[in-house]
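Dear colleague,

Please find below the structure that I am handing over to you, with its sequence. My notes on its helices and charged contacts follow it.

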Amino acid sequence: MSERKGGLTVEAAAWAAILLLAAWTRLAVLGRLPLDDFEAVEALAAAASSGSPSVFWEPDSLTATPSYHALTGLLFATFGPSDALARIIPALAGVGLVMTPLLGRKSLGRGPALVAGLILLLSPSALTTARIASG
């Protein structure tokens, strides 16, 4: 039988740092910039399901991704609509994307999985996609 040490490994510290950096880069100041046209259409479709009446949306004419629509609508109903909440679901998905190599580290190898996590963390396209509501 092999026994594991109770201490923090270098690999665990590296993954924790990647997780913190991914969360910081993807979640920081989400509401600073206003929504663009496509983001606003998606956010309005989610807001239409939140139960608050408005003259700005007509639920039958708007389309949205079902998961984004449901989760963002729930957030809007709970906390009220905002630009930051419209972008939080894609941002959390972006953090999850960065952490996916952690799931395959046994088959990929610990080093290559860590490098893949770093590449996803630093990828400009992955960061941009995670920070827009239409991501």
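A salt bridge is taken here as a side-chain nitrogen of Lys or Arg within 4 Å of a carboxyl oxygen of Asp or Glu. The model is a predicted one, in which local features need pLDDT of at least 70 and side-chain atom pairs count only at pLDDT 80 or more, whereas totals for chains, interfaces and linings use all residues. Residues are numbered from 1 along each chain as its sequence is written, and side-chain values use heavy atoms, with hydrogens and water left out.

Salt bridges

Searching the whole structure gives three salt bridges. In one of them, the side chains of R105 and E11 meet at 3.3 Å, N to O. R105 belongs to helix 5 and E11 to helix 1, so this pair ties together parts that are 94 residues apart in sequence. (Helices are DSSP runs of H or I with at least four residues, numbered from the N terminus.) E11 also meets the side chain of R110 in a salt bridge of 2.9 Å, N to O. Since R110 lies in helix 6 and E11 in helix 1, that pair ties together parts 99 residues apart in sequence.

As to accessibility, buried means under 20% relative accessible area, exposed over 50%, and partly exposed in between, with a 1.4 Å probe and protein chains only. E11 counts as buried at 19%, while R105 is partly exposed at 25% and R110 is partly exposed at 47%.

R87 forms a salt bridge with E39, their closest N and O atoms being 3.1 Å apart. Here R87 lies in helix 4 and E39 in helix 2 (residues 37-48), so the pair ties together parts that are 48 residues apart in sequence. Both R87 and E39 are buried. Through shared partners, salt bridges join E11, R105 and R110 into one network.

Helix 1

Helix 1 covers residues 10-27; its 18 residues reach 25 Å from the first C-alpha to the last, close to the 26 Å expected at 1.5 Å a residue. The expected span is 1.5 Å times one less than the number of residues. Its buried residues are E11, W15, I18, A22 and R26. Seen down the axis of helix 1, these fall within an arc of 55 degrees, so they line one face of the helix; the arc is that of the directions from the helix axis to the C-beta atoms. They pack against helix 4 (83-103), helix 5 (105-108), helix 6 (110-122) and helix 7 (124-130). The face turned away from the buried side carries the exposed residues V10, L20 and W24. Just after helix 1, V29 takes a positive phi of about 40 degrees.

Helix 6

The 13 residues of helix 6 should span 18 Å at 1.5 Å a residue, and the end C-alpha atoms are 19 Å apart, which agrees. A113, G117 and L121 are the buried residues of helix 6. Down the axis of helix 6 they fall within an arc of 80 degrees, so they line one face of the helix. Among the elements that cover them are helix 1, helix 4 and helix 5. On the other side of helix 6, I119 and L122 are exposed.

Helix 3

T72 lies in helix 3 (residues 66-79) and is buried, with a relative accessible area of 0%. Leaving aside neighbours within four places in sequence, T72 is in contact (heavy atoms within 4.5 Å) with A46, L85, A86 and I89.

With kind regards

Conventions
Helix = DSSP H or I, 4+ residues; strand = E, 2+ residues; numbered from the N terminus.
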